[in-house]
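Thanks for coming. Please have a look at it first.

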Amino acid sequence: MKDTITIYVAQENGERIALEAPTDMGLSVMEVLKANEYDIQALCGGMAICATCHVEVLESEALPEQSDDEAYMLESLPHATQQSRLSCQLRVNEELDGIVLRIMPEA
Amino acid sequence: MERITTDICIVGAGPVGLFAVFEAGLLKMRCHVVDALAAVGGQLTEIYPKKPIYDIPGFPEVMAGDLVKNLEQQIDPFHPTFTLGERVEDLEKQEDGSFIVTTVAGTEIACKVVVIAGGLGSFEPRKPAIENLEKYENNGVTYMVRDPETFRDKRVVISGGGDSALDWTIYLAAICKELTLVHRGTMFRGAPESAAKVMSMAEEGQIKLILKSNVSELHGENELEAVTVLVDNEAPYQIEADYFIPLFGLVPKLGPLENWGLDLEKSAIVVNTFDYSTNIPGIYAIGDINTYPGKLKLILCGFHEAALMAQSAYNIVYPDKKFVLKYTTVNGIQELT
């Protein structure tokens with residue numbers, strides 16, 4: 001078992017910043033982004049109701065299925081893409097190791 | 001127009017706003033609570049009434065809805081009054097230092113102290129990123145359907161894929177001259193029967209349905225005349241339209257509070273942790289809506305903030321009396337009459 005994974009955040013200039021995240025703390029990707037002082041609001045704190053932690057997944061292994069709440073929220077976003085996810089709904093675990101994502105602007 | 005006079009006007013009827021009534025009541029200060037939602041409890045009532053909460057001191061587990069009920073019971077001896085279903089709009093400071101808070105419906109609350117316990121803020125329509133969207137607001141762009149008659153015999157473009165987009169498409173199709181639904185996806189996740197109805201209406205030619213597409217530009221001299229539709233892998237084209245209704249759900253916003261002159265940081269109100277006062281004397285902010293170094297968005301932290309706010313507000317409501325901390329175990333609860 002790996003106890004930390006790497007999450008890459010793609011910057012506007014194409015650069016990818018690596019973030020280390022522990023897998024044993026029950027964190028979400030949103031919480032990792034906040035802890036690293038990325039400018040995401042994540043207003044609702046992880047309940048999939050505000051979509052202010054919207055990310056686009058550029059590269060990853062298989063991701064967990066979207067819950068109905070997340071799917072419904074993404075459906076309603078004007079600028080979501082096929083690879084859009086709410087980072088508060090992505091649990092930090094081994095399967096996410098190496099994921100590359102881009103923080104989406106708020107609509 | 002209703003006019004209410006009270007000691008403290010609490011903006012937000014979530015758990016922290018309700019508990020602020022208790023802390024104020026212990027100090028014999030009367031409260032009036034205003035909330036944009038029609039029921040008390042804020043997020044707990046609206047979003048997760050059936051979810052258990054495990055970090056309320058003294059409750060190993062409590063259902064969010066039950067916590068709200070308990071708080072209502074706890075503050076009952078202080079007879080708070082409520083204006084529900086009305087969002088606060090304006091704040092006016094009087095010469096004597098008191099305030100008049102006005103709601104969107106025109107209800108006026110005259111008070112000595114304002115306590116903002118607004119949580120996430122109020123839920124407002126999410127606006128799509130279209131360059132000149134604001135220019136056409138009230139000139140063809142609208143985010144909600146207030147009076148369907150407005151759209152009679154007009155050319156209407158609706159954008160969105162959720163339930164409200166589906167429902168209004170079905171409803172307005174019978175009234176409009178021409179209705180186009182533009183949806184980013186290839187299918188709808190809304191209520192299956194509404195989705196099926198919209199699909200069949202499109203097949204029968206009652207509406208025009210454009211999938212895998214976005215409205216990307218708006219056109220018109222002063223009023224909206226046309227929209228550009230950007231379709232996946234196709235050249236963009238224009239559709240003539242009198243109205244464009246983007247229906248992309250709701251997003252929590254500070255709303256009118258943004259214009260009250262409060263110090264803000266990332267949509268939160270900056271407070272002094274000494275007493276949770278804001279930069280405007282007489283206005284406090286407690287609970288999820290405030291920010292300070294080390295802030296944790298927890299209900300229990302909001303409760304603590306309410307207690308400290310109340311002892312500070314006491315000096316404003318009763319400037320000639322000295323604050324003395326009283327324990328409920330010693331004094332019990334003195335009902336406010």
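Start at B:Val88, which counts as buried because it has 26 C-beta neighbours inside 10 Å. The cut-offs are these: 20 or more other C-beta atoms within 10 Å of a residue's own is buried, 12 or fewer is exposed, and anything in between is partly exposed, with C-beta atoms placed from the backbone. B:Val88 sits in strand β7 of chain B, residues 88-93. Strands here are DSSP runs of E, at least two residues, and helices are runs of H or I, at least four residues, numbered from the N terminus. Not counting residues up to four places away in sequence, B:Val88 touches B:Val11, B:Val34, B:Val101, B:Thr103 and B:Pro256. Contact means that the two C-beta atoms, placed from the backbone, lie within 7 Å.

A word on what you are looking at. This is a predicted model, where local features need pLDDT of at least 70 and side-chain atom pairs count only at pLDDT 80 or more, while totals for chains, interfaces and linings use all residues. Residues are numbered from 1 along each chain as its sequence is written, and chains are lettered from A and ligands numbered from 1 in the order in which they are written.

B:Val88 is also in the UniProt annotation "binding site", from an unreviewed entry, together with B:Asp35, B:Gln43, B:Tyr48, B:Phe123, B:Asp288 and B:Thr329. UniProt positions are given in the numbering used here, feature names are shortened, and annotations may be inferred rather than shown by experiment. The annotated residues spread over 295 residues of sequence, and in space they reach up to 39.9 Å between C-alpha atoms.

Another of them, B:Gln43, lies in helix α2, residues 43-46 of chain B. B:Gln43 is buried, since 21 other C-beta atoms are within 10 Å. Beyond four places in sequence, its contacts are B:Gly14, B:Tyr48, B:Gly119 and B:Leu120.

Now the chain as a whole. Chain B has seven helices and 23 strands, and its C-alpha trace spans about 75 × 45 × 40 Å along the principal axes. Of its 337 residues, 40% are buried.

Next, a helix pair. How do α1(B) and α3(B) lie relative to each other? They are roughly parallel, a term for angles under 35 degrees; over 145 is roughly antiparallel, 65 to 115 roughly perpendicular, and the rest oblique. Their axes come within 9 Å and cross at roughly 20 degrees. Axes are lines fitted to C-alpha atoms, for helices over the stretch in contact, and angles run from 0 to 180 degrees between N-to-C directions. Residues meeting there include B:Leu18 and B:Phe22 in α1(B), and B:Leu67 and B:Leu71 in α3(B).

Further along is B:Arg155, in strand β12, residues 155-159. B:Arg155 is buried, with 20 C-beta neighbours inside 10 Å. Its contacts outside four places in sequence are B:Cys176, B:Lys177, B:Glu178, B:Glu240, B:Ala241 and B:Asp242.

Two backbone points to finish. B:Asn138, in the loop between β11 and β12, has a positive phi of about 70 degrees although it is not a glycine. B:Asn138 is exposed, with 9 other C-beta atoms within 10 Å. B:Ser267 has a positive phi too, near 65 degrees, and lies in the loop between β20 and β21. B:Ser267 is partly exposed, with 17 other C-beta atoms within 10 Å.
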